[in-house]
Amino acid sequence: SLLSIPRNPFSHVENCVDESRNGYRVTPKVQAELTSLAQGLSDTIQYIKNHAPLAQIVLVGYYQIIPAADAPLKGTAFLCRDLRFSRPNGQWRTSIRSKAEFLQQQLNNTISSVASKHPGVAYFDISNLFQGHELCTPNTWLFSGTWDAAHPNATGQQQIGQAVIADCEKLADHCVG
């Protein structure tokens, strides 16, 4: 949606961020999705606490998928094509990265807010983990195909796993080992 891919019968792309003189705001549909996410996470946490009271619960935030406006790009996938042919640091690339950062922050704020409302639930921030490895970058940690776009590839999964383990080891009651 942030890349402004036109609607077609095979995708359901819609705008998720509105812009005004006062900055960005999520659309009502995205706000409803964030509210649903918060409720779903809370319900899941409560279920786990009820059925496994000693479980260590960790919520992990989201990484950034849109490359920096000045990032070198490569890739011929549909998602990379428009990015590759746009001007580095140009208005379009700067705008979509800014919107992506705003949207990521809204998502991660929702997740961390849920964690903070539940004692003993940890939140791990990996928002900058993929810096330099976003979509369409030369050393991406993400798939860029139509059906798996923005999901971590094997390297991305490994990096997330290592980051979560490192954060777990910092907790008073280790959630691993």
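What is the mean pLDDT of the protein chain, and what share of its residues reach 70 or more? The mean is 88, and 91% of the residues reach 70 or more. Here pLDDT is the predictor's confidence in each residue, from 0 to 100.

## Basis of the model

This is a predicted model, in which local features need pLDDT of at least 70, side-chain atom pairs count only at pLDDT 80 or more, and totals for chains, interfaces and linings use all residues. Residues are numbered from 1 along each chain as its sequence is written, and side-chain values use heavy atoms, with hydrogens and water left out.

## Confidence by region

Among the elements, helix α1 (residues 28-51) has the highest mean pLDDT, 96. The lowest, 79, belongs to α2. Over residues 6-10 the pLDDT is below 50. Beyond near neighbours in sequence, that stretch has three contacts in the model; a contact means heavy atoms within 4.5 Å. Where pLDDT is low, the predicted coordinates should not be read in detail.

## Overall layout

The protein chain has four helices and four strands. Helices (H or I, at least four residues) and strands (E, at least two) are DSSP runs, numbered from the N terminus. Their order from the N terminus is β-β-α-β-α-α-β-α.

The C-alpha atoms fill a box of roughly 50 × 35 × 35 Å, taken along the principal axes. Of the 177 residues, 36% count as buried. Buried means under 20% relative accessible area, exposed over 50%, and partly exposed in between (1.4 Å probe, protein chains only). Take the contacts between residues at least 6 apart in sequence: 61% of them join residues at least 24 apart.

## Nonpolar cores

A nonpolar core is a set of buried Ala, Val, Leu, Ile, Met, Phe, Trp, Tyr and Cys residues joined through side-chain atoms within 4.5 Å. The largest has 20 residues. Tyr63, Phe130, Cys136 and Ile160 have the most contacts inside it. At least two residues of this core come from each of α2, α3, β4 and α4. The largest share, four residues, is from α4. Another core lies apart from it, with eight residues, among them Leu41, Ile57, Ile111 and Ala115.

Phe130 touches Tyr63, Gln64, Trp141, Leu142, Pro152, Gly156 and Ile160, not counting residues up to four places away in sequence. Ile48 lies in helix α1. Its relative accessible area is 30%, so Ile48 is partly exposed. Leaving aside neighbours within four places in sequence, Ile48 is in contact with Pro53, Ala55 and Ile57.

## Pocket and cavities

Both kinds of space are found on a 1 Å grid over the protein atoms alone. A cavity is a set of points where a 1.4 Å probe fits but cannot get out. A pocket is an open set with protein on both sides within 12 Å along at least five of seven lines. Lining residues have an atom within 4 Å of a point. Grid points are joined across faces, edges and corners, and a volume is the space filled by probe spheres set on the points.

The second largest pocket has a volume of about 180 Å³. Of its 13 lining residues, Leu59, Val60, Gly61, Tyr62 and Ile111 are the closest to its centre. The elements giving two or more residues to the lining are α1, β3 (57-60) and α4. The most, three residues, come from β3. The lining divides into 10 nonpolar, three polar and no charged residues. Ala, Val, Leu, Ile, Met, Phe, Trp, Tyr, Cys and Pro count as nonpolar, Asp, Glu, Lys and Arg as charged, and the others, Gly among them, as polar.

The whole structure holds two cavities of 30 Å³ or more. The second largest cavity contains about 30 Å³ of space. Gln64, Arg97, Ser127, Asn128, Leu129, Phe130 and Gln131 line this cavity. Its lining has two nonpolar, four polar and one charged residue.

## Positive phi in two loops

Asn89 is found in the loop between α2 (78-84) and α3 (91-116). Its phi is near 65 degrees, a positive value in a residue other than glycine. Asn89 is partly exposed, at 49% relative accessible area.

Cys136 lies in the loop between β4 (121-124) and α4 (154-170). Its phi is also positive, about 65 degrees, although Cys136 is not a glycine. Its relative accessibility is 3%, so Cys136 counts as buried.
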